[in-house]
Every structure is written in C-alpha cells, then in structure tokens.
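Let's walk through this protein together, one element at a time. Have a look at the sequence and the fold before reading on.

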Amino acid sequence: MATTVDSGNQYDRAEEVKRFDDSKIGVKGLVDSGLTTIPRIFVHPPETLSDLKPKPKSVAIPTIDLSGTRSTVVEQVAAASRSFGFFQIVNHGIPVQVLDRMIASIRAFHELPTDVKARFYRRDAGTGVSFISNVDLFHSKAASWRDTLQIRLGPTLPELEHIPEVCRDEVVQWNLHSTTLGEQLMGLLSEGLGLDKDTIKNTTCLDARVMVGHYYPCCPQPDLTVGIASHTDPGVLTLLLQDHTGGLQIKHEGEWVDVKPVHGALVINIADILQIMSNDEYKSVEHRVLANPSEEARVSIAVFFNPSAREALYGPFAELTSPEKPAHYRQFIYNDYMRRFFTKELDGKTLTNFYKL
C-alpha cells in the first residue's frame, strides 16, 4: 500500500492497517473505545459513497415455500436463480428456535471481552477457526465496518476445543442442518437446469463448507463506510441467516434492492462457480451490506459451499453446451481460482469476467 494523502496530511495507510490488525480488537473494540469518528482506513472513496442510497424500487426478491410440490419448487428456484440470483426460503425444515439460538450464539461470541476474542484472532486458518476484521484488509482500498468469526465446517469440523465454547454446540448443530439443506438445494438447482439431481453435488460442491459469523456494530458515520463492499461470492452456493436488522442489498437490473429480513427465512444466493457451471443460466449477482446506523449490532451467518476437489478442472457442464450455445467460460483449476480471489479486494464481479471466453 502506498502512502495516502488525506486533508493535506500524509499518513501511511499500510502502517495504520497493520496497527489496527495487530491490536486484535476488531471494529467492536473501536466502538467500545467510545470513538465518534471512524478511522481513515475505513473511509470509502466518493464513487462508493455516492451510491449508498438505493433508489425507491418496489421490487422484492422471491420467497419460495420449500413445502410445495417438487415440480413447483424446482420451477420457482430456477426462475429466481435466473432472474435475481437471490431468493428467500421458508418451510425449509430448520426450526426457528435453532435459527434464533444460532444468531444469539454468534452475537455472544462477538460480545465477549476483547482479550478473550483476541486469542482467536489470526489470518491463517490452520486450526479451522479464526476471528478477523475484514478478510481483504490488506488488499482493499478501504476497510469495512464489521468483524467476522470464520469456521471451517467441512469436509470435517475443526477439533471441538478450537471452536469458541460460547457458540460450540450451536455451530455443530448448524453444520448438520445447513449440510442437509445445502444438498436439498443443490438437487433443486440441478433439476432446474434439466440435469440429474446429483449433478452439482457430484462436483464435490457440498463437501468444502465455510461458515462466517459477521458482526456489524453501530457505526458513528455510516455515510462514510460500508459493512461489506459490493462483491459476488466466489464459490457455488451461499446460505445466509440474518437477524432482523437489515442492511443487505443486491444489484438487480442496475439498481440496489433491499433484502428485507423475514423471521424464520433463509437467504440463498448463486455464487460465481455455479454461474460458470450453468453456462450463465443462473446469475451470481453483486451484493453488499450497508454500515449499521442502529444502536443494536447486526448479526448474520453465511455458509459458503465450495468444491473440495481443489485440483480439479471446472467449467460449464457439458450437457449445457452445444454448437448453438457454446461454452461461455474456459475451464480452470479451482485452486488457481481461489488464489486469485484472495489476493484482491472484495470489489464487484471480476472473477467470472476473467474466465469468460
């Protein structure tokens, strides 16, 4: 990172980022210190800030009742994946009490004393558990106002003693529920493409799962930063549980649209690799989270479904290409793909474009 000029005063951005990361206090620690203005490293550029207020739009992402007939649900899931890339699901089989306990447990972790959380603060994922602020902190132009507990769920969970005790039981239970639901969704999405229901699962996309528990504290200057910058997810499928606070937005037909929380519902979105494998039948769309202006912190939990065959080649399914509809993407090795993702900032939709033919 180069030295940055702000208000006539030079400062070393790289040094400020390193100082923040080394403190291991996260954004919550900054809020607890009583600050009333956000540090310079969190201030986003004007082109980002000017686009924060969505234009009034009477559009809601589809809500799909999974208890309907299979043919109806397949049709609805496929339609939502083609038009929005996002949808909410209800009657998904996970009791609402499980959802509420999961949110409460992640909130409880982030509200532990700073010195307790600091023991989990690390950027390497060696133990399978890490507490960090901003996965792209050292690559981004500006940091975002959130902290994250990241836990590897699959192919195998970390050693249980590495998972914070305050959320351990809930994470173990959430792994079982989300894996079952993920398999069900992959079957529906496969059939929506006219393929056998196990097609997506058979690419090992159910096996490598990562959970992130995001915490968005109250931001004293929410008009100067974001909770998560606009991006698309790099994997196959994302399952999101969000609390009642709101702030998630998706880009639809060039405009930002709010994803309003529905108690008991889960948000599902198509990620980049599934867009590629579907040969652009399904959409992986940009989404972001606004900085939280509320006194109560926002909590969300995402499970990312990724391939476990990291040296395998991925590209459009052969059944979806023909002389009339050739492949839109070249094949790639998954490891190379993820290496590219983690050496850039979360910013728009660049990976699918990189592999476009």
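Start with helix H5, whose buried residues are Val98, Leu99, Met102, Ile103, Ser105, Ile106, Arg107, Phe109 and His110. Here, buried means under 20% relative accessible area and exposed means over 50%, with partly exposed in between (1.4 Å probe, protein chains only). Helices (H or I, at least four residues) and strands (E, at least two) are DSSP runs, numbered from the N terminus. This is a predicted model, in which local features need pLDDT of at least 70, side-chain atom pairs count only at pLDDT 80 or more, and totals for chains, interfaces and linings use all residues. Residues are numbered from 1 along each chain as its sequence is written, and side-chain values use heavy atoms, leaving out hydrogens and water.

Now step back to helix H4, residues 70–83. Its buried residues are Val73, Val74, Val77, Ala78, Ala80 and Ser81. They sit on the same side of H4 because they cover an arc of only 165 degrees around the axis (the arc is that of the directions from the helix axis to the C-beta atoms). The face turned away from this buried side carries the exposed residues Ser71 and Glu75. Just after H4, glycine 85 takes a positive phi of about 80 degrees.

Next comes strand S5, residues 129–132. Val129 and Phe131 point one way, Ser130 and Ile132 point the other way, and all are buried. In a regular strand the side chains alternate between the two faces of the sheet. S5 runs antiparallel to strand S6 (residues 147–152), joined to S6 by 4 bridges; two strands pair if DSSP finds at least two bridges between them. Valine 129 stands opposite isoleucine 151 in S6.

Conventions: The expected span of a helix is 1.5 Å times one less than its number of residues.
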